[in-house]
Amino acid sequence: MGCSTLYHLAEMGATDAILLERNKLTSGTTWHSAAQVRALRHSQNLTRMIQYSVDLYARLEQETGQSVGWIQKGSLSLATKPDRLTHIKRQEALAHAYGIDAKSISVAEAKERWPLMNADDVLGAVWSPDDGRVSPSDVCAALIKGARQRGAQLFEDTGMTGFLTRDGKITGVETTAGTISCDAVALCTGLWSREVGAMAGAEVPALACEHFYLLTKPIEGIVGNTPTLSDHDNRLYIRDDSGGLLVGCFEPMGKPIAPEILDESFEFGLLPEDWDHFEPMMMNALHRLPALENAEVKMLLNGPESFTPDGTFMLGETSETRGLFLGCGMNSVGIASGGGAGMNLAHLIMHGHTPYDLSEADAKRFAPIYNSLDHLMARAPEILGTHYDIAYPGKQLSTARNLRPLPLHATYVEAGAHFGQFYGWERPLYFGKTKEPTLTFDRPDWFENVKQEVSAAHTRAAIFDVSPFGKIEVKGPDAEEFLMKTCAGYLARSLGSVIYTAVLNDRGAFESDITAQRIANDHYRLFVGTNAIKRDLAWFTRASDGFDVSLEDSTEKYATLSLMGPDAARIVADCGAPELNDLGYYKVGPAYIADKHVRAARMSYVGEYGWEITCLSENAKPIYDALVEAGATPAGLYAQTSMRIEKGFCAMGHELDGDTSPIEAGLMFAVRKSGGFVGHDALMARKASGAFCKTVSITIMDENAVPLGHEPIYLNGEIIGQTSSCGFGYRVGKPIALGHVNTPLASGTQVQIDIARTLYDAEITLGPLFDPNGMRVKG
């Protein structure tokens, strides 16, 4: 990451860029990497990033004359379980959407490509011919050579001993060789990133775990280079190595490494062999490759790799320290990601943004509690094990839970809630759980639970707990002026107004989408996404220079209960707040429920009549109890998501991101025509260039289809887009989705959705699939 970032900074014109290496290049994790390069990732932009790495490594060899050891022999993904077969076929479908060559092959053909393997239990396989591997040390040498040719410098044996900051911004670094003045630092410190970040007051939640692979001496049957054999049901990856075999694993639960073990003297170091820990994986390997039984072992390599709390690397500027950028926590895919990630990081430093949206890797996506050592020691080993998990819908991590219980957590436990973890919060997914759900690609066993919750919201009234939404208090004489500048909507509305608004970046695409409540002339309360609070607060704070405003994170101070359904009006009246029925849509007003003060906003994220009721967190219990006693039913996130999709409401990270503008999302109503806000000129330029709404609603005709998101959308045999949010539409009676298409379509257009290589007939609708006022909307 450091070499790639230096190379790209120099390529982009930063000829005064330097790279500091405490010991020698590649001496941490890079030197012992298995260095696989597999392009396909779960999102288009992460895939695009690795495709750039492949192109870069090929270009480097031509540019510098330094070989990078690129060996392109493809990869073979096996399935020995029916659900794994579904998983790899979903990956095959995704590969087609992203322009990657991948195809299902027979067991016999798989055996031909890997003759040494035992294929008796193999059900199917997917062949990806473009995958390969490199020599990690040679890649770094080529990157440094290219960087030096452009004027950049490398200083080895030069340790960084401290940061210099002024007003929360980087001004320099102190090193063992002296002080360097600078305005930006890229932290590509791998195993030591958490400790180095702390020196600048920044949170960098990453922890090293032990990672094992076995090396054998030459064995009969290995001739030349082989494809990488991915036997993920057995948690193995296998390839040739110098005439023998390299057998690596991502076991179900890894071994964390306490930070003090990897001190500054850990250079080209390895950890002790642990055959007891590796033995279950070795048994799996002997089953897959019987030839291993007579192979002579060179070594069991145990090298540290760093992992983050969610398995995705960190790339971007920290929220705590301006000018400090992270490029670390690579989760054992650093060689594949490094070329493209380094380019993106350099572009961010030089131009203020990445070339395409990488918000899923944003350095500001983690709650502060994720940076605690106790959390990381528990979570990182599980993340290592998830590398080869089947990507079941609804799968939740089991370690480091109950970090941030909601004010009503105990009440929800009594009601049989099944929880999901979001930004540390434990949020009810559905209620009435009697056992742990069975993970499946078929209709889930919580289907009827969610159906009942949707029915309650549609025919009676339901309570959705949206307390995890981030809340930011904006106060001061310039509050209105500040928000009119930073938000695309019209924030200068009267007191008591609720405003849904786009927040745009300087390219006219979404930085965020928020709801603002005007509480006083000099006071707004902003509601932002659960995972976005740290990022959005940093963005607004940095945009506040020159404005007389203060910003405060009040997320934990307040709880918010969303009361929705036709009985909501009666319930609030019965609970002592009949005046709420006089509120107009998108208005907020004070009231008392159960003798506790609330602010209720007349709005809905699920399309039904109701209010989002905000109160002090300590008052949530009596208010909730009163609403339930009056007839409301608790409902979880799954029901909310189903109803959101039916109503056609977009969500950040699904329909909205840093590449998508309100034009493509069909949300120009959240943008004022008068301009004067960040991103206006770029937005108008998009409009002038012919941008159009690409967001569509989709109904799948087969009731048994289970779309999950990212499925390719076909029209006349050609891929024209992908699904984004998916679920079952209980009010529609069919599987449903929102999606993006690259060509204008009319309502009623017949398309097909590729779910694990089975094409399902579907119909496009422009607008909502269901509106409680107009009932089901037909194309």
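## A pair of strands to start with

Begin with strand β36, residues 718-729, and strand β37, residues 734-741: the two run antiparallel and are joined by seven bridges. Look for Gly727, whose bridge partner in β37 is Ile736. Helices (H or I, at least four residues) and strands (E, at least two) are DSSP runs numbered from the N terminus, and two strands pair if DSSP finds at least two bridges between them.

What you are viewing is a predicted model, in which residues are numbered from 1 along each chain as its sequence is written, local features need pLDDT of at least 70, side-chain atom pairs count only at pLDDT 80 or more, and totals for chains, interfaces and linings use all residues. Side-chain values use heavy atoms, with hydrogens and water left out.

Axes here are lines fitted to C-alpha atoms, for helices over the stretch in contact, and angles run from 0 to 180 degrees between N-to-C directions.

Contact means heavy atoms within 4.5 Å.

Leu85 is a residue of helix α3. Beyond its neighbours within four places in sequence, Leu85 is in contact with Ala79, Leu123 and Gly124. Leu85 and Gly124 are 39 residues apart along the chain, and their C-alpha atoms are separated by 6.5 Å.

## An open sheet

Now find the open sheet of six strands, ordered β30-β31-β32-β29-β23-β33, with mixed pairing. Its edge strands, β30 (588-593) and β33 (633-635), each pair on one side only. From one strand to the next, the twist averages 30 degrees.

Within this sheet, β29 (residues 558-564) and β32 (residues 610-616) run antiparallel and are joined by seven bridges. Thr560 stands opposite Thr614 in β32. Helix α15 (residues 620-629) packs on the sheet and touches β23, β29, β30, β31 (596-602), β32 and β33, with its direction about 10 degrees from that of β29. Helix α11 (residues 447-459) lies across β23, β29 and β33 and runs at about 115 degrees to β23.

Rolling a probe the size of a water molecule over the atoms shows where empty space is left. On a 1 Å grid over the protein atoms alone, a cavity is a set of points where a 1.4 Å probe fits but cannot get out; a pocket is an open set with protein on both sides within 12 Å along at least five of seven lines; lining residues have an atom within 4 Å of a point. Grid points are joined across faces, edges and corners, and a volume is the space filled by probe spheres set on the points.

How many cavities of 30 Å³ or more does the whole structure hold? The search finds four, and the largest cavity has about 60 Å³ of space. Its lining residues include Tyr412, Arg427, Phe464 and Gln640. Strand β23 gives the largest share of this lining, three residues, while β22 (425-430), β23 (462-465) and α16 each supply at least two.

## An open pocket

The second largest pocket has a volume of about 930 Å³. Of the 35 residues lining this pocket, Leu348, Gly352, His353, Glu511 and Trp539 lie nearest its centre. Helix α13 supplies the largest share of the lining, four residues.

## How confident is the model?

pLDDT is the predictor's confidence in each residue, from 0 to 100. The protein chain averages a pLDDT of 96, and 99% of the residues score at least 70. Over residues 775-779, pLDDT stays under 50.
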